[in-house]
Amino acid sequence: MERTIQKKFPVGDGSWVTVDVYGEPDAPGLVVVPGAMSDALGWRAVATAVNAWPSVAVVNRRGRAPSGPLTAAYSLRTEVADLGAVLDGLGGVWNLFGWSYGGLIALQAADERPLGQVIAYEPVIRPFGLDVLPDLKAADEAADRDAAVEIVHRRIAGLDGEVVDALRADSEAWEALRGLAAPVYAEMAALYGEPAPDFLARRADRVDLIVGGANRGTAPYGTSFDDVARRVPAAEVHELPGQGHMAHLQAPAELARLLEGLAAAG
């Protein structure tokens, strides 16, 4: 399906959040919550390939254009409240899909409000990223976006140096990554703003957790996935064979098919 409209919702502290809606703009369907180093545009290939719902609404979280700034009071609670404002603004009954940090946001939202189905791909939770937090802070204080991108891709994602160098050689792609890196320290620090909850998504009728086959049981994404899964004991766990954390970019059609299968199961 194609994008039909972009909606804008005011949220706290004078900021705002935009949402790209694909399919029928007023028909409740699936809400997608991207994580760090990602925006609504990065999920276009998945959103256009999913047809199990009448619409797919992709949240462009605050801190990335054309949504508003993070603001000084930013926290994980801010993200959950923003998502609540989006759900209220969209109206109707929506199901959630969250990726990475967005997966944690979706699961926490489902601990506060009733939701039919929540799907999360490799959600992260503390102590994820703790080892790089001081260096991300230093990069943020120096406004060194290049360093932030390098830290995320080399030390968290574990990409080969040649892959990162190739990204850097593509000036347009690297500039886009620099923009996405602007809020990354605040987002990572938000994992440590309060103790991790003992349970997640207790008000969801159904929870499906997805791990990439290449990451299962492996730090940092696979082990963080396990930390989350223990907090959602009733969740169904699924594997996307052969894929890692960036399945939405590297295998969007395969991820879309898995989501459609989970829609049928839910």
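Two strands pair if DSSP finds at least two bridges between them. By that rule, strand E6 (residues 115–121) and strand E7 (residues 204–212) pair in the parallel sense over 6 bridges. Strands (E, at least two residues) and helices (H or I, at least four) are DSSP runs, numbered from the N terminus. The model is predicted: local features need pLDDT of at least 70, side-chain atom pairs count only at pLDDT 80 or more, and totals for chains, interfaces and linings use all residues. Residues are numbered from 1 along each chain as its sequence is written, and side-chain values use heavy atoms, with hydrogens and water left out.

**Sheet**

- The open sheet is formed by 8 strands in the order E1-E2-E4-E3-E5-E6-E7-E8, with mixed pairing.
- Strand E1 (3–10) and strand E8 (236–240) are at the edges with a single partner strand each, so one side of each has no neighbour in the sheet.
- Tyr 121 has Ile 210 of E7 as its bridge partner.

**Nonpolar cores**

- A nonpolar core is a set of buried Ala, Val, Leu, Ile, Met, Phe, Trp, Tyr and Cys residues joined through side-chain atoms within 4.5 Å; buried means under 20% relative accessible area (1.4 Å probe, protein chains only).
- The largest nonpolar core has 63 residues, of which Val 31, Leu 96, Leu 107 and Leu 209 touch the most other members.
- Leu 209 is in contact (heavy atoms within 4.5 Å) with residues including Leu 107, Phe 225 and Val 237, not counting residues up to four places away in sequence.
- A second, separate core has 24 residues, among them Met 1, Leu 30, Ile 210 and Ala 256.

Methods:
Buried means under 20% relative accessible area, exposed over 50%, partly exposed in between (1.4 Å probe, protein chains only).
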